[in-house]
Amino acid sequence: MPTVPDSPKKVNWGNDGNDSRPVAKQHNYFYSTITVVDPTTGKSTDYPTQTLDFASDPNKEVEVNVHFNDVVLPSYPGYTPKVAITANYHSDTPMATLEDTTGGLILHLPTPVEKYFDYNYTITYVKDQSEHTHATTKYDFYSIVTVVDPDGKSTDISRQHLVFEYQDNPTNPEVNVHFNDVNIPIYDGYTPIVEITAPDDESNTPKATLEKTSNGWVLHLPTPVLGSPNYDYTVIMTKHDTGTPAQDNKDVLNIVKYVDGDGNVIKTQSATGKDGDPIDVEIPEGYHVDGGNTPALTIDSHNPVHQVTVVKDQHDTDTPENNNKDVLNIVKYVDGDGNVIKTQPATGKDGDAIDVEIPDGYHVDGGNTPSLVIDSHNPVHQVTVVKDQHDTDNPIVKPELPSYDVNKINNHDNGNQGNNGNNGISNNKRVNDSSQVVANDTQNSGNGNQKLPQTGNTQNNDAVIGLGLVSLLSMIGLAGLTKKEN
């Protein structure tokens, strides 16, 4: 058998059907790119692409025996990784799997199959569901400890603020924050007693306790509980160990606490005297008692701590201040030009009627006083008032008297003096008298005493007679002219 030069050794290329020439291999290439999305920034990062080369006989079914390397992924506390086939690639590509090991997060890539060449995956991180539901609830607790010395002077010796945070919203969580103990000053011959200062409802506030130690008195504040944010206490010195408030010459020391609607102490006042003596209540500056009724307090050795609730005054602003109980409203009384005649404060609860107090010397047009009520949402009311009408403001109707031109009458009569003789003089005199009457009446009408004409008045009767004479003389004069012309 002939041999082919440069042919592979032992290869027979004869035509006897025993063709042992080598078959060309088919190369398959597989690719994988991993993309990781950072959940904290949203930034995407592509890991280095892996490439696999698999050569196989195209005439035989051969199992792929090449494999991608595992990929180590970052972990993010509170997030769970998710793997998905990268978009724009076959959705039925074999899926990669995740494994969370002690050494970290591992991505296992599948063994390639000849049908698919690209094995690209995207890793995202989803926030753990437990992080969404476990909301943090915050509680604040406050404590003020006030000490009243034997002379009645009050001093705040301790102010504390605690913050307690708890996951979710528990019914009765165990509060794990605590107030510090408070050292109480020592006064020879006196023993301290402790009273709750605020809030108003003392039944739900835990009591503080006093302990006498070798170093003096210590006040142990209670562990806070939900629903009671304030832990304010007043320590009063009592004479010896009798439990009676400090006395000097049989006088009893009492304490008056002025608090606002939220239980905040605005002022502390000490008062001494014998049981039953009245206490001079000193409302703090800038505050008032609701309704304006200052309470009547007396010295009481058995109940030495008194409490008075006060409301902050309304100042120049038109926004009244509200507390949890009473609302302050303002009523402005203005005239037609918008001038404020009077400002009236009114306190009460929403819907309470306001006693409208019209300013003296004014009234509401039509006489209908408006009905106003306390309104926390619209705390400023306005009432338009009209100034009352007095006697001097009533217009006086002046009577109109007939007017005469006395000069014309005089001129006419003077022309006839030669014919009439004494009659002309007499007429002149009467006309002048008549004009004097009219002038007097006109002058009187301009005086301050504006009175209507009085029937039967002598002066008015003279005026009527004068007017009659003027008319008669005018007629005689006209008759004389007529005769002369004829």
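Which backbone nitrogen lies 2.8 Å from a polar atom of the side chain of Gln50? The backbone nitrogen of Asn69 does.

## Model and confidence

This is a predicted model, in which local features need pLDDT of at least 70, side-chain atom pairs count only at pLDDT 80 or more, and totals for chains, interfaces and linings use all residues. Residues are numbered from 1 along each chain as its sequence is written, and side-chain values use heavy atoms, with hydrogens and water left out.

The protein chain has an average pLDDT (the predictor's confidence in each residue, from 0 to 100) of 75, and 66% of the residues score at least 70. Over residues 316-323 the pLDDT is below 50, and this stretch has 18 contacts (heavy atoms within 4.5 Å) beyond near neighbours in sequence.

Leaving aside residues up to four places away in sequence, Gln50 touches Phe30, Tyr31, Ser32, Phe68, Asn69, Val71 and Leu109.

## Nonpolar cores

A nonpolar core is a set of buried Ala, Val, Leu, Ile, Met, Phe, Trp, Tyr and Cys residues joined through side-chain atoms within 4.5 Å. The largest has 21 residues, of which Phe141, Ile184, Leu219, Leu221 and Val235 touch the most other members. Strand β10 (136-148) is one of the elements giving two or more residues to this core; β10 gives the most, with four residues.

Apart from this core lies another, of 20 residues, including Val64, Val71, Tyr119 and Tyr125.

Technical notes. Buried means under 20% relative accessible area, exposed over 50%, partly exposed in between (1.4 Å probe, protein chains only). A polar contact is a pair of N or O atoms within 3.5 Å; within protein, one must be able to donate a hydrogen and the other to accept it, and residues adjacent in sequence count only if both atoms are side-chain atoms.
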